[in-house]
Amino acid sequence: MEYSIFDIIGPVMIGPSSSHTAGAAKIGYIAREIFGKEVSEVRFYLHGSFAKTYLGHGTDKALLSGVMGFLPDDERLRNAYEIAEKKGIKYKFNSKDLGDVHPNTVRINMFSKDGHEMMVMGSSIGGGKVSIIKINDFDVDFNGEYTTLITKHLDRPGVMAAITSILAKDRVNIAFMKLYRDAKGDYARLILESDEEIEMCVLEDIKKIDYVDDVTKIDKLKL
């Protein structure tokens, strides 16, 4: 097995723990990017070791910082509570058994002032690396290490071909692509990870495809 220098020395971060602090901040940050709105209220449901040690390891501040758009190396992480209160963000931390998942897992329920809400679940799997495992009712699997495109669309013939055709025209190379659906013809989510940046004009073209309801882009985390 090959290792990079980052696997050995760990991520750039505000400590103390790569799993409980850096990973938690990444999960919160990615959840906010998926939500795509300013968070006015957030509830964190902490599982396993996250629930047992979140205060001592700063997991609470890291998660709250991520939801406010701060990355793991942001100095503001230490003052997450004060910043959230100034912004008028309501927050609450709860311990909860989330089932057969990694011990460092959190469910994040986010709410916006205009009435939108979303649930994102993610796990911190070690060394600052994370895995997003659920968006609302959809099981997913991606890590934020690539530029990631997430669509919500009806499962209809030609939708996937239309999306990949638009990406090909913009010379976007697809690294990984997974489709998640509950049943044929129902709503589905495409998780597409690319080697290149994806321009906003590409997203606008994808939004125009029939049966596509929503498109979200998450830029590669630069940590």
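M110 touches A31, R32, F35, V39, E41, V42, H116, E117, M118 and V120, leaving out residues up to four places away in sequence. This is a predicted model. M110 is also among the residues with the most contacts inside the largest nonpolar core.

**Nonpolar cores**
- The largest nonpolar core has 43 residues, and I34, V42, F44, I108 and F142 join M110 as those with the most contacts inside it.
- Helix 2, residues 18-35, gives the most to this core, contributing eight residues.
- Another core, of 15 residues, lies apart from it and includes I166, L167, L192 and I209.
- In soluble globular proteins, nonpolar side chains tend to be buried together.

- Strand 4 (residues 117-126) and strand 5 (residues 129-135) run antiparallel and are joined by six bridges.
- V120, one of the residues that M110 touches, has I135 in strand 5 as its bridge partner.
- Two residues separate strand 4 from strand 5 in a hairpin, and G127 in the turn has a positive phi of about 65°.
- Strand 5 also pairs with strand 6 (residues 138-142), in the antiparallel sense, over three bridges.
- Across this pairing, K134 stands opposite D139 in strand 6.
- Strand 5 and strand 6 form a hairpin as well, with two residues between them; N136 in the turn has a positive phi of about 50°.

**S65 in helix 4**
- S65 lies in helix 4, which covers residues 59-67.
- S65 has a relative accessible area of 0%, so it counts as buried, the cut-off being under 20%.
- Beyond its neighbours within four places in sequence, S65 is in contact with F70, R76, L77 and A80.

Conventions. Residues numbered from 1 in each chain as written. Predicted model: local features only at pLDDT ≥ 70, side-chain atom pairs only at ≥ 80, totals over all residues. Heavy atoms only, no water. Core = buried A, V, L, I, M, F, W, Y, C linked by side-chain atoms within 4.5 Å. Buried < 20%, exposed > 50% of the residue type's maximum accessible area, 1.4 Å probe, protein only. Helix = DSSP H or I, 4+ residues; strand = E, 2+ residues; numbered from the N terminus. Contact = heavy atoms within 4.5 Å. Pairing = 2+ DSSP bridges.
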